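Try each one before reading its solution.

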Amino acid sequence: MNTTSTITPGTRREILVDTKPKHDAAATVTIASISDQDWYISRTHGVYHIPACATGKAYAVVLITSRGDALDLGDNRRFPFTISAREIAEDLLQDLGDHGVFVCAGARPTAGELSAAAARRDQFYQRLVTDGDMMWARGHSFREISDLHRRAAIALGAEREWAYVPMRMNDCPACGEKVKPGVAVCRHCGAILDEEKAAKHGLGSGAATGNERQSTPVRSERKARG
């Protein structure tokens, strides 16, 4: 959509609006994604969600339809117009093409489109890994490495010291020290954090009870012999 203005002496400014679509006027277009991230994009005509590609799937898709919007002409005047589905889709993907998100030529992505998207994404990720290496070499500072750099290294399987992601630790409810998620017994104070798991591996009170049960018959036999 293009707008131009003309001013005629003695009259207020007239605004001419070109409502001819710049692209095809198809009612719907399909956006495909091979990215493992969810994307939420806000525009004046709505908020759009491009879903992440689920594990084991080749791609995720979202259907885009044409939307209506309005141009503020001033003096409480608004000029309604329609934005085509393809214009919306291409606007949404301005910064997502390098992440493996693209507009399909048809209703579903072709093998060629998926292959091209994967190649474009991997090239982008490789550039990020190279940038990460350069920043790390300057001062070995984790602060200079962004989550995007780490994600690129992990996606490419590139082992980098700067791509290390610290494991989130939990607080032991007994002593307050940091422990790994899912542990059965706190290594600091010995508190049982998961009774079922602790008993299964012969740890904690459950294991002691079992040992006592096994030792009882032995003591009885010794008394009987005596």
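This is a predicted model: local features need pLDDT of at least 70, side-chain atom pairs count only at pLDDT 80 or more; totals for chains, interfaces and linings use all residues.

**Exercise 1.** Find Thr30 and decide whether Thr30 counts as buried or exposed.

*Solution.* Start by locating Thr30 in strand β3, residues 28-33. Next, recall the cut-off: buried means under 20% relative accessible area. Thr30 has a relative accessibility of 4%, so Thr30 counts as buried. Now look around Thr30: leaving out residues up to four places away in sequence, Thr30 touches several residues, including Val61, Leu63, Phe102 and Cys104.

**Exercise 2.** Work out in which sense strands β4 and β5 pair.

*Solution.* First mark β4 at residues 39-43 and β5 at residues 46-50. A hairpin of two residues joins β4 to β5. The strands pair in the antiparallel sense, over five bridges. One of the partners to look for is Ile50 in β5, bridged to Trp39. Ile50 also sits on the covered face of β5 together with Gly46 and Tyr48, while Val47 and His49 are on the uncovered face.

**Exercise 3.** Describe how helices α2 and α3 cross.

*Solution.* Two packed helices are described by the angle and the distance between their axes. For α2 (residues 111-139) and α3 (residues 147-156), the axes come within 8 Å and cross at roughly 120 degrees. The two helices are therefore oblique to each other. Their crossing is left-handed. Among the residues making the contact are Phe124 and Leu128 of α2 and Leu148 and Ala152 of α3.

Key. Residues are numbered from 1 along each chain as its sequence is written. Side-chain values use heavy atoms; hydrogens and water are left out. Buried means under 20% relative accessible area, exposed over 50%, partly exposed in between (1.4 Å probe, protein chains only). Helices (H or I, at least four residues) and strands (E, at least two) are DSSP runs, numbered from the N terminus. Two strands pair if DSSP finds at least two bridges between them. Contact means heavy atoms within 4.5 Å. Axes are lines fitted to C-alpha atoms, for helices over the stretch in contact, and angles run from 0 to 180 degrees between N-to-C directions. Angles under 35 degrees count as roughly parallel, over 145 as roughly antiparallel, 65 to 115 as roughly perpendicular and the rest as oblique. A crossing is left-handed if the near helix is turned anticlockwise from the far one by less than a right angle, and right-handed if clockwise.
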